[in-house]
Amino acid sequence: MDSIKSAPTPIDAVPEPVVKKVGEIAESGETYLETILVIKERRSNGLVRAVDVANELKLSKASVSRGLGLLKEKDLIKIGIAGDIEFTPEGRKQAEHIFTRHQYLTVFFKYVANVPSDVAESDACRVEHVISEKTMKGIIKFLKDKDVI
């Protein structure tokens with residue numbers, strides 16, 4: 001095994017399972033919130049329904065309806081009589097936070113790690129759910145210090 005300068009050795013490294021943080025929503029819920037936000041921003045009328053989320057994520061409407069039901073139970077979204085999805089103030093706050101992480105990570109992977117745009121975007125979408133706030137703040141500080149953003 002090659003030695004990487006300043007990296008943990010196999011003796012020092014401690015693999016850990018990804019643990020859901022207490023009180024936080026699951027990765028799929030975060031993905032639904034982010035997707036709702038993105039679709040709302042793309043559309044002039046801001047109208048989003050479950051079928052739109054299902055189409056965007058290439059998931060069944062039944063799966064998305066179940067996930068949206070959980071977000072509704074957590075008081076992050078409201079679903080109107082016509083099926084239109086609206087954020088609660090807390091839901092919008094969380095969706096914007098998730099999307100902001102996505103944006104910073106995409107920029108970091110693309111411009112610092114020199115990864116192709118499509119890979120940077122895809123990886124950011126996965127990493128945004130598990131990266132710690134401390135590491136995220138470090139990445140943002142690095143990007144600002146280097147004048148990347």
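Seven salt bridges are present in this structure, a salt bridge being a side-chain nitrogen of Lys or Arg within 4 Å of a carboxyl oxygen of Asp or Glu. The model is a predicted one, in which local features need pLDDT of at least 70 and side-chain atom pairs count only at pLDDT 80 or more, while totals for chains, interfaces and linings use all residues. Residues are numbered from 1 along each chain as its sequence is written, and side-chain values use heavy atoms, with hydrogens and water left out.

One of these salt bridges joins the side chains of Arg 92 and Glu 96, with 3.2 Å from N to O. Both residues belong to helix α4 (residues 89-112), where they stand four residues apart, about one turn of the helix; helices here are DSSP runs of H or I with at least four residues, numbered from the N terminus. Arg 92 counts as partly exposed because its relative accessibility is 29%, and Glu 96, at 36%, is likewise partly exposed, where buried means under 20% relative accessible area, exposed over 50%, and partly exposed in between (1.4 Å probe, protein chains only).

In helix α5 (residues 117-127), Arg 126 and Asp 123 are three residues apart and so separated by about one helical turn. These two residues form a salt bridge whose closest N and O atoms are 2.6 Å apart. Arg 126 is partly exposed, with a relative accessible area of 48%, and Asp 123 is also partly exposed, at 26% relative accessibility.

Helix α6 (residues 133-145) holds Asp 145 and Lys 141, which, being four residues apart, are separated by about one helical turn. Their salt bridge has its closest N and O atoms 2.6 Å apart, and both Asp 145 and Lys 141 are exposed.

Conventions
Helices (H or I, at least four residues) and strands (E, at least two) are DSSP runs, numbered from the N terminus.
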